[in-house]
Amino acid sequence: MSHDKTGCQTIGCTVVSCKHNSQGMYCDLSRIQVEPMTNCEGCHSGNPADESLCGSYRAK
Ligand code: SF4
């Protein structure tokens, strides 16, 4: 597995309710953790909204 983009990616994000969001377009963090949904109905449906979410989210 290649890690050649580590530290080089830009995180685009439009979740304006998160305190790490900048200008409604970017994440200010240098790294985020993306996590699978757990304990939910409908997991493993293949629908993106059912499968992953930002574990670094913090409400404003
Ligand atoms: S922590 Fe996650 S939800 Fe918050 S701005 Fe960054 S990418 Fe978006």
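## Contacts and fold

Among contacts between residues at least 6 apart in sequence, 27% join residues at least 24 apart. The model of this chain is predicted.

The chain has four strands and one helix. From the N terminus on, the order is β-β-β-α-β. The radius of gyration is 13 Å, well over the 10 Å that the globule rule gives for 60 residues, so the chain is more spread out than a compact globule.

## Extent and burial

Along its principal axes, the C-alpha trace spans about 35 × 30 × 15 Å. Of the 60 residues, 3% count as buried.

## Ligand shell

Around the ligand lie Ile11, Cys13, Val15, Cys18, His20, Asn21, Cys27, Leu29, Ile32, Cys54, Ser56 and Tyr57. The cysteines among them are Cys13, Cys18, Cys27 and Cys54.

By class, nine residues of this shell are nonpolar and three are polar. No charged residue belongs to the shell.

## Arginine 58

Arginine 58 sits in the segment after strand E4 (52-54). This residue counts as exposed, because it has 11 C-beta neighbours inside 10 Å and the cut-off for exposed is 12 or fewer.

Beyond its neighbours within four places in sequence, arginine 58 is in contact with Cys18, Lys19 and His20. Cys18 and His20 are also among the residues around the ligand. Glycine 7 lies 51 residues from arginine 58 in sequence. In space, the two are 22 Å apart, C-alpha to C-alpha.

Conventions. Residues are numbered from 1 along each chain as its sequence is written. This is a predicted model: local features need pLDDT of at least 70, side-chain atom pairs count only at pLDDT 80 or more; totals for chains, interfaces and linings use all residues. A residue is near a molecule or strand if its C-beta atom, placed from the backbone, lies within 6 Å of it. Ala, Val, Leu, Ile, Met, Phe, Trp, Tyr, Cys and Pro count as nonpolar, Asp, Glu, Lys and Arg as charged, and the others, Gly among them, as polar. Helices (H or I, at least four residues) and strands (E, at least two) are DSSP runs, numbered from the N terminus. The radius of gyration is taken over C-alpha atoms; the globule rule is 2.2 Å times the number of residues to the power 0.38. A residue is buried if 20 or more other C-beta atoms lie within 10 Å of its own, exposed if 12 or fewer, and partly exposed in between; C-beta atoms are placed from the backbone. Two residues are in contact if their C-beta atoms, placed from the backbone, lie within 7 Å.
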